[in-house]
Amino acid sequence: MEFSVRRLAADAGTLFSRAVQFTEEKLGQAEKTELDAHLENLLVRAEATKHWTEKIMRQTEVVLQPNPNVRMEEFLYEKLDRKVPTRANNHELLGEGMIDAGHEFGPGTAYGSALIKCGETEKQLGSAEKEFIHSAAINFLTPFRNFIDGDFKTISKERKLLQNKRLDLDAAKTRVKKARVADARSAAETELRVTQSEFDRQAEITRLLLEGVSSSHAHHLRCLNDFVDAQASYYAQCYQYMVNLQKQLGSFPTTFCSNNNAPSASSSASISVAPPTLTPTLTPGQASPSLSELRSSSGPRRARVLYDYDAASSSELSLLADEVITVSSVPGMDSDWLMGERGHQKGKVPITYLELLN
């Protein structure tokens, strides 16, 4: 117990001495031992490394997960040492929606089939994004975080010890200057030699740790290369998915896509002043006698579309059942086709899908 009290009193005296020395230095009433230039440069570089490592980590996390709420949730799960629940990302959710819509419209239709193909590609993009995020977290963020939580914490601890040893050294120097009695001066000089030795030893330990920051830079460079490789692979994979999707969509008629801005069947029909008198409905493969007569005439006529038709090429015009279009015969055109017009859109239409209006 006596030893503990003496130790506590000695520690309290040391802390008081450091506080006095620190205060007098701030007030300009005491001298301060300066670190050598090399050590100061190492300290500045270590602080810069910490600052930029933390900033790069934060910005990388934003790139990998733009949603701040999700980032906070993942942080809490990490602190609680629990597994983050698996959830679909935005690409996968979009893909699922497109696939469901495609099945609703019908896989046999051009639009439905295109939606399904786009949805499958979006899900592939989502899967590739998850792989990239996982790779970046392991090969890039984790080493950076280990440096901040491990190496730099050790450097900060030893740097604080160096600061304390420096205060002890300067306090000892002050006591030597103030000593008047020979015995007191001898004791102060002995204490000064001890504190100088401890300060030099701690400065060497701190210097070795700070020089190790160069090794951390080299390791971070390898991690950066891994991150760039993963990012390049991710974008190349996404590009290939989109090229393949473009090729698949290229088999669909471009005219069909351009018809989205066309007036609807109801609005086209509303242009007529009087309701048209319709001839009996025909099945595909059977041409109306009136349409047969139209082949030999050059004037345009109005016709009702009997069935939906998806254009097979850019020279054709996609049709919607019950819409009314203008048709005309073009010299040299195949006898099974007429030239159809809807507003500013124009293209070949199959004659068996039409019924001429009186």
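Select Leu210 first: leaving aside residues up to four places away in sequence, Leu210 touches Leu39, Leu42, Leu43, Arg45, Ala46 and Ile155, where contact means heavy atoms within 4.5 Å. The model is predicted, so local features need pLDDT of at least 70 and side-chain atom pairs count only at pLDDT 80 or more, while totals for chains, interfaces and linings use all residues. Residues are numbered from 1 along each chain as its sequence is written, and side-chain values use heavy atoms, without hydrogens and water.

Together with Leu210, they touch the most other members of the largest nonpolar core, which has 29 residues. Such a core is a set of buried Ala, Val, Leu, Ile, Met, Phe, Trp, Tyr and Cys residues joined through side-chain atoms within 4.5 Å; buried means under 20% relative accessible area, exposed over 50% and partly exposed in between (1.4 Å probe, protein chains only). At least two residues of this core come from each of α2 (37-64), α5, α6 (182-211) and α7. Helices (H or I, at least four residues) and strands (E, at least two) are DSSP runs, numbered from the N terminus. Helix α5 supplies the largest share, 13 residues.

Apart from this core lies another, of 12 residues, including Tyr309, Leu317, Val327 and Leu338.

Finally, select Asp322, in the loop between β1 (301-305) and β2 (324-328). Is this residue buried or partly exposed? Asp322 is partly exposed, with a relative accessible area of 48%. Its phi is near 80 degrees, a positive value in a residue other than glycine. Most residues other than glycine have a negative phi.
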